[in-house]
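Welcome! Please take a look at the sequence and the 3D structure below before reading on.

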Amino acid sequence: MTLASRLALAALLSTGALLLGCNGDSSGGHSHGEDAHSHSATQRAAESAHGSGTATTAWSDQLEIFAEHPVMVAGQESAPWAVHVTRLGEHRPLTEGTLTLRFRRPDGAAYVHSVEGPPEPGIFTPQPTIPETGTFRLFAVVEGPRAQDTVEVGDVTVYESTSAAPAPGGSSAEISYLKEQQWETAFGVAEVQKRSVQRSIEAPGTIEPVAGQFAKVSAPVSGLTPARANLDMPVPGDRVQEGQTLGILSPSGGEGSYADLMGRVQRLQREVRRAERLVEAEAIPQKRLVEARYDLTLARAALESMGGSDGQRASTSSGPSTTGAGFNYDLKAPISGRVQERHLAPGSRVEVGTVLYTIVDPSRVWLRLRVPAEHASAVSRATGAVFTVEGSETAYEASRVVSTGASIDADTRTLPVRLEAPNPSGALKIGMMADARLLLGDGTTGITIPNEAIQTEDGRPVAYVQTGGESFERRPIQLGPTDGQYTLVERGIQAGEHVVTTGAYQVYLASLNTSQIGHGHTH
């Protein structure tokens, strides 16, 4: 190796640039065009020494990389770059970790430069050196406790001298909104994608119980609720099974009361057994046995009309002993579910018809919509609905239409439509108000954006598109059908672009007067 070669290798190693094989390079994002950008303090210092700089932005599923760098000259250490790393899930700056820049040559080998930890949140300042001219494919490798990803940033050209670099271009229509501003406020973007969207009708609604999964359990008889016997009965929130005892009543006496009927049934049972023995011994005619059985049938029917039977106490034989236990009434759960309300107080008197328990099975619910009359003719094409409920932004789905009203309500001018929605977590509560979109027919596939990205300005829909890390464009758009979450865009935006979903108003303010809204970086 010649002396000149040794000196060149020493210089190369001292700057942290190392030529490696590039086996295993992977891309976690999409490359985007280079944007002219030169307003950061670091960037201005680089430009004063090396000429105009370049800004490049790329996204992966996890990260956004916005890299500002000066003109790269072969064999010279560059001025500090400003590589902004944003975690997309929360749209917050990366505060720790290692950033490695891999400059891949056309032959697959790569020059590598790494820096530890950003000196300021989200902003790494590497100073790589590339010993040769050419165009290199840049990959940003982020490794840290909160992010691990590889993002293909784009091409970086290394020139013989600063004067050999072309003059930068720019767009006067771009809106500048800096990373420091984005990180300090609620901000978010989403990639424009192709999806299938169904036409929908907006309608208010109410969460209702599914028929057969909601029950109000009333006292079938008047009487007392023995204190000791009702101490361990279910309370609101408890899960109960069909047929489980909810409470014990000691019915009031008197002719025709529950206790009177229970006593009559027991007496007639004894008479039937006696008549059977006498008929067998031919001591009385068969007619007497028939009459006794008939009287017993009538008495049982009267008892059952109160919800009782001659075997009522069998299920509670191991329960607390109370006076007259054989005449007590066991209040049973008619369905399985959870206790929503309990009005049974141990040791109190209840009247017949008093609601003592409310039980609901919340695993499925009905969404009852009130569809405006002008859309009634389209309801026959309904296939489901998406909806939110008061106090929550979570989107729920109702995938089955249960029933559609046969007439328009004269007072509200709406058509009732019921749909069934799963509710495994129990988050949907009976009686909640809902805002829904009734989905109609088959879906239409096209370019879509989240509804949060759609803004209305001067009565027309617009969206703000992120063209670079800190640059945005206001785009008038033409909208198609919506399903309540996504809307088809017929003109104005292309797939793969990124639209602002949170913080669009701040970008709008920046568009009015960028020079007064935080112009210039602080790093």
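What follows is a short walk through some strands, ring pairs and a pocket.

This is a predicted model, in which local features need pLDDT of at least 70 and side-chain atom pairs count only at pLDDT 80 or more, while totals for chains, interfaces and linings use all residues. Residues are numbered from 1 along each chain as its sequence is written, and side-chain values use heavy atoms, with hydrogens and water left out.

Let us begin with β4, which covers residues 54-60. Helices (H or I, at least four residues) and strands (E, at least two) are DSSP runs, numbered from the N terminus. A hairpin of two linking residues leads from β4 to β5, and these strands pair in the antiparallel sense over six bridges. Two strands count as paired if DSSP finds at least two bridges between them. Within this pairing, threonine 57 has phenylalanine 66 of β5 as its bridge partner. On to the next neighbour: β5 and β7 (residues 82-87) are also antiparallel, over six bridges, and here glutamate 64 stands opposite threonine 86 of β7.

Why is β5 described as largely enclosed by the rest of the structure? Seven of the seven residues in this strand, which spans 63-69, are buried, so the rest of the structure largely encloses it. Buried means under 20% relative accessible area, exposed over 50%, and partly exposed in between, with a 1.4 Å probe and protein chains only.

Two residues of β4 deserve a stop of their own. Threonine 57, a member of β4, is buried at 1% relative accessibility, and its side chain reaches the backbone nitrogen of glycine 469 at 2.7 Å. That is a polar contact: a pair of N or O atoms within 3.5 Å, where, within protein, one must be able to donate a hydrogen and the other to accept it, and residues adjacent in sequence count only if both atoms are side-chain atoms. Serine 60 is buried as well, at 8%, and its side chain reaches the backbone nitrogen of glutamine 62 at 3.2 Å.

**An open sheet**

Elsewhere, four strands form an open sheet in the order β21-β20-β18-β23, with antiparallel pairing. Its edge strands, each pairing on one side only, are β21 (329-332) and β23 (349-350). Between β20 (residues 245-251) and β21 there are four bridges, and isoleucine 248 has aspartate 330 in β21 as its bridge partner.

**Aromatic pairs**

How many aromatic pairs are there? The count comes to seven, where rings of Phe, Tyr and Trp (its six-membered ring) pair if their centres lie within 6.5 Å, and planes under 30 degrees apart count as stacked, over 60 as edge-to-face and the rest as tilted. Two of them are shown here.

| Ring pair | Centre distance | Plane angle | Type |
|---|---|---|---|
| Tyrosine 111 and phenylalanine 136 | 6.0 Å | 75 degrees | edge-to-face |
| Tyrosine 177 and phenylalanine 472 | 6.3 Å | 65 degrees | edge-to-face |

Tyrosine 111 sits in β10 (residues 110-116) and phenylalanine 136 in β12 (residues 134-143), so their pair ties together parts that are 25 residues apart in sequence. Tyrosine 111 is buried at 5%, and phenylalanine 136 is buried at 2%.

Tyrosine 177 belongs to the loop between β14 (175-176) and α3 (179-184), while phenylalanine 472 lies in β33 (residues 471-476), so this pair ties together parts 295 residues apart in sequence. Both tyrosine 177 and phenylalanine 472 are buried. Ring pairs also link Tyr177, Phe187 and Phe472 into a cluster.

**The largest pocket**

Our last stop is the largest pocket, with about 370 Å³ of space. On a 1 Å grid over the protein atoms alone, a pocket is an open set of points where a 1.4 Å probe fits, with protein on both sides within 12 Å along at least five of seven lines, and lining residues have an atom within 4 Å of a point. Of the 14 lining residues, the closest to the centre are Phe387, Thr388, Asp435, Gly484 and Gln485. The elements giving two or more residues to the lining are β26 (382-389) and β30 (433-450).

Definitions and conventions: Points joined across faces, edges and corners; volume = space filled by probe spheres on them.
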